[in-house]
Amino acid sequence: MLSQAVIEFGAPLQEIETPTPAPEGSEVLLKVHHAGVCHSDVHIHDGYFDLGGGNKLPMANIKLPHTMGHEIEGEVVAVGPEVKDIAIGARYAAFPWIGCGKCPSCLRGEENICVGGPRQLGCSNGCPGGYATHVMVPHPKYLIDYGKVDPALGAAYMCSGVTAYAAMKKVGPLGPKDQVLVLGVGGVGMMGVQFAKAMFGKGPLAADIDEGRLEAAKKAGASATYNTKVEGEAKRLMAETGGGAYAVIDFVGSEKTFAFASQSVRRGGKIIIVGLFGGAMAMPLPMFPFRTISIGGSMVGSLDDTKEMMEMVRAGKVDPIPYTKRPLSEANQALTDLVNGKVTGRVVLTP
Ligand SMILES: [Zn+2]
Ligand SMILES: [Zn+2]
């Protein structure tokens, strides 16, 4: 099998050839048809996440070479002896956020935030992902039926889709005048607009620094848009919403977006940080009780979230996001383009 692998953190990906593994036990071998390029791949490739103030969170535990890619769709080409009822040739998306199966998080069904030893496809040490011709899935329960959905999007829903869905789920029920603000309408944020529409029955507000992306968000159903680069936009949002958004989902996660989020969230509201751009925040502690706001995070989604999300997608409740296909051999260029902000929607690699 061929992989576009990280050989050295920060250095260009390289094509490597390794023996195609044979599935054992409950394993399922997929021939990869589509692998989405996600912004977190940029950080894995760099070898660290930026924590602000010059501090970095290194990925010291990932041994190289490592194959990234956690938005995977493919075809079953071989199964282990314990696997029943999975047909060779069947097409599935692969749930990548696999945990140890034994820790307190996993036992709650929250494998995506496993504390015992995650086995995330393309993200954890020793768990190669989809920037390759083949990928091994440890158990058929992680195979997701995407029905008649475009297979390239089937792949993209495994990260950007479930990330947006699970973040929106954390908003909870809305009051009659409550508004949700999607902050950052890149690939995942656009999914956020879609799921907000499907889950709350009305378009969310959208904010971004880019007029083109705001225009796209409006076309996708955002009820109002705000350019965070423009002076006074948070004030305008406050006025137009009668005191601010009930929930702000920050799909960027930078110091600037957090500042905008805290200026535009209503009393009693919540900020949910999803994006991993990086930075740090400081806030006077009395503001938490005075404003009764809560600030939380959301990291991808659970297997149940993924199945619920895919049910909505299969039912046609979620409009597709734009994407472009590129050959696997262009993985490196695709990452570079993503870093340079040259990508609208999703890039999906095709081995
Ligand atoms: Zn991702
Ligand atoms: Zn676990």
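These legends walk through a few views of one predicted model. Local features need pLDDT of at least 70, and side-chain atom pairs count only at pLDDT 80 or more, while totals for chains use all residues. Residues are numbered from 1 along the chain as its sequence is written.

**View 1. The whole chain and its secondary structure.** Here you can find 10 helices and 18 strands; helices (H or I, at least four residues) and strands (E, at least two) are DSSP runs numbered from the N terminus. The radius of gyration is 20 Å, close to the 20 Å of the globule rule for 351 residues, so the chain is as compact as a globular protein of that length. That radius is taken over C-alpha atoms, and the rule is 2.2 Å times the number of residues to the power 0.38.

**View 2. Helix α4 from end to end.** Just after α4, look for glycine 201, with a positive phi of about 75°.

View 3. Buried means under 20% relative accessible area (1.4 Å probe, protein chains only). Because 10 of its 14 residues are buried, α4 is largely enclosed by the rest of the structure. Among these buried residues are Gly187, Met190 and Phe195. What do the buried residues of α4 pack against? Their partners include α3 (151–169), α5 (211–219) and β18 (346–350), with contact meaning heavy atoms within 4.5 Å.

How values were computed: Chains lettered and ligands numbered in written order. Heavy atoms only, no water. Buried < 20%, exposed > 50% of the residue type's maximum accessible area, 1.4 Å probe, protein only.
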